[in-house]
Amino acid sequence: MALLKERLKQGEQVFGPFVNLCHPAVLEVAGLAGFDFAIIDTEHGELSSDRAVDMVRAAKLAGVCPVVRVYGNQPELIAKALDIGAEGVQVPQIGSKKEAAAAVRAAKFSPAGTRGCNRYVRAAGYSAKDKFAYFGGANEETAVILQVEGQEGIDNLTDILTVKGIDVLFIGPYDLSASLGIPGQVDHPDLVAAMQKNMKLASAAGIAIGFFVDDVETAIQWKRWGIQYLSFAADVGLLYRAFSKAARAFKEEKV
Ligand code: 3PY
Ligand code: MG
């Protein structure tokens, strides 16, 4: 299976859920279901990297590209996500060019960045990979996905997009709606207009754009508008939807 970064470079539009539950089986199910990627969420989920590693393993086996969303823009967390073998690292709440550059630096080996070099990690095949091939190739194999969602980040977007090494500019609609003073109204015309402006800026900078949706109908709409990296709800929410639909249907004897 092609790596996420390669698929994005080819212009493919990819689709995948956030995973908050701490179990590798969720990644197996995501792969069997046919999702392109899954975001193992250590920002809002209950997960930490010691649990995430088994989820990355399961994702690779199931043919779904593993992305890890880190808790914050911290170099140690970014390096850890990549060391355990995530194909992409997603960093929340980027507000300025300086913060964007720091996130990219943390994700890249020298000379592009300052990611700590260790050849005994899972991403290096525990040393089975040639060390020069690993340190020389990893920067081109792992995707850096930066979330710009607050007012500061939106105001600084043109500047942020000048940072080299960003693969996906991800706009979080929930935090964006809060910035616009319309918390939760992710289909509000002001939010859609702001998003379309952001898409134009990202496209002019040659950077793929990512977005989050709660349902498939909205996903299809944004796919048609050109979003390349579409994240779809979260495992817990999807499970709740399926469970409550079945429970209600059984009670009411109506499918
Ligand atoms: C947001 O909508 O703010 C997100 O971060 C999506 O998960
Ligand atoms: Mg957010």
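Visitor: How many residues of the shell around ligand 1 are nonpolar, polar and charged?
Guide: This is a predicted model: local features need pLDDT of at least 70, side-chain atom pairs count only at pLDDT 80 or more, and totals for chains, interfaces and linings use all residues. Residues are numbered from 1 along each chain as its sequence is written, chains are lettered from A and ligands numbered from 1 in the order in which they are written, and side-chain values use heavy atoms, leaving out hydrogens and water. Asp, Glu, Lys and Arg count as charged, Ala, Val, Leu, Ile, Met, Phe, Trp, Tyr, Cys and Pro as nonpolar, and the others, Gly among them, as polar. The shell splits into 4 nonpolar, 2 polar and 3 charged.

Visitor: Which helix gives the most to that shell?
Guide: The shell includes P173, Y174 and D175, each with a heavy atom within 4 Å of the ligand. Helices are DSSP runs (H or I, at least four residues), numbered from the N terminus. With 3 residues, the top contributor is helix 9 (residues 173-179).

Visitor: How much of ligand 1 does the protein bury?
Guide: Oxygen atoms of ligand 1 lie 3.1 Å from a polar side-chain atom of E149 and 2.7 Å from a polar backbone atom of Y174. Taken alone, ligand 1 exposes 230 Å², by the Shrake-Rupley method with a 1.4 Å probe. The protein buries 91%.

Visitor: What is the phi of Y126?
Guide: Y126 sits in the loop between helix 5 and helix 6. Y126 is not a glycine, yet its phi is positive, at about 55 degrees.

Visitor: What is the phi of S127?
Guide: S127 lies in the loop between helix 5 and helix 6. S127 is partly exposed, at 27% relative accessible area. S127 is not a glycine either, and has a positive phi of about 100 degrees.

Visitor: How much accessible area does the nonpolar patch with L21 have?
Guide: One member is V236, in helix 12 (residues 235-252). V236 has a relative accessible area of 37%. L21, V236, L239 and F243 together have about 340 Å².

Notes: Patch = residues over 30% accessible without salt bridge, like charges linked within 9 Å, V, L, I, M, F, W, Y side chains within 5 Å. Salt bridge = Lys/Arg side-chain N within 4 Å of Asp/Glu carboxyl O. Helix = DSSP H or I, 4+ residues; strand = E, 2+ residues; numbered from the N terminus. Buried < 20%, exposed > 50% of the residue type's maximum accessible area, 1.4 Å probe, protein only. Polar contact = N/O pair within 3.5 Å; in protein donor to acceptor, adjacent residues only side chain to side chain.
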